[in-house]
Amino acid sequence: METPASLIETLIDKVEAYGKSTYELSKLRSVEKTTKVATVLISKISFLLMTSMFVFVFSLGVAYYLGELLGKLYYGFFIVAGFYLLLAIIFHFYLHKWIRKPVSELIIEQAL
């Protein structure tokens, strides 16, 4: 029969092993969540970057086209810049809350 001291030592060893296993499991879970959030964000950011490049090049084309139609090249750029200014004002006052909520929910959903 084992002595009470050896039983306590065995119990302490098992608790220590359980603590280490729990810690390692927590680390692995946090790495998994971080990786999931990072990959989703990277894919969304890369799509946004590609879309932005398309819009930029398309805007240059529209500005040149409008400039040729109006007779002065810089008129086209003024019109396109004014359009983007109007779009930014509308976005700032009306659409900002519609964008912030889905993005924050996406991050929270991926983290949990």
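Which residues line the largest pocket?

Reply: Two remarks on the source come before the details. This is a predicted model, in which local features need pLDDT of at least 70 and side-chain atom pairs count only at pLDDT 80 or more, while totals for chains, interfaces and linings use all residues. Residues are numbered from 1 along each chain as its sequence is written, and side-chain values use heavy atoms, with hydrogens and water left out.

The largest pocket is lined by L41, K44, I45, F47, L48, I99, P102, V103 and L106. A pocket here is an open set of points, on a 1 Å grid over the protein atoms alone, where a 1.4 Å probe fits and protein lies on both sides within 12 Å along at least five of seven lines; lining residues have an atom within 4 Å of a point. The space in this pocket comes to about 270 Å³, a volume being the space filled by probe spheres set on the points, with grid points joined across faces, edges and corners. By class, the lining holds eight nonpolar residues, no polar ones and one charged residue, where Ala, Val, Leu, Ile, Met, Phe, Trp, Tyr, Cys and Pro count as nonpolar, Asp, Glu, Lys and Arg as charged, and the others, Gly among them, as polar.

Helices α1 (4–70) and α2 (73–111) each supply at least two residues of that lining, and α1 gives the most, with five residues. Helices (H or I, at least four residues) and strands (E, at least two) are DSSP runs, numbered from the N terminus. The 67 residues of α1 reach 97 Å from the first C-alpha to the last, close to the 99 Å expected at 1.5 Å a residue, the expected span being 1.5 Å times one less than the number of residues. The buried residues of α1 are V37, V40, S59, A63 and G67, with buried meaning under 20% relative accessible area, exposed over 50% and partly exposed in between (1.4 Å probe, protein chains only). L69, also in helix α1, is by contrast exposed, with a relative accessible area of 56%. Just after α1, G71 takes a positive phi of about 100°.

A search of the whole structure finds five aromatic pairs, in which rings of Phe, Tyr and Trp (its six-membered ring) have centres within 6.5 Å, with planes under 30 degrees apart counted as stacked, over 60 as edge-to-face and the rest as tilted. The rings of Y64 and F77 have centres 5.3 Å apart and planes at 80°, so this pair is edge-to-face. This pair links distant parts of the chain, with Y64 in helix α1 and F77 in helix α2, 13 residues apart. Y64 is partly exposed at 41% relative accessibility, and F77 is partly exposed at 31%. The rings of Y74 and F78, with centres 5.8 Å apart and planes at 70°, are likewise edge-to-face. Ring pairs link Y74, Y75 and F78 into a cluster.

As for the whole, the chain has two helices and zero strands. Its radius of gyration is 29 Å, well over the 13 Å that the globule rule gives for 112 residues, so the chain is more spread out than a compact globule; the radius is taken over C-alpha atoms, and the rule is 2.2 Å times the number of residues to the power 0.38. Of the 112 residues, 7% count as buried.
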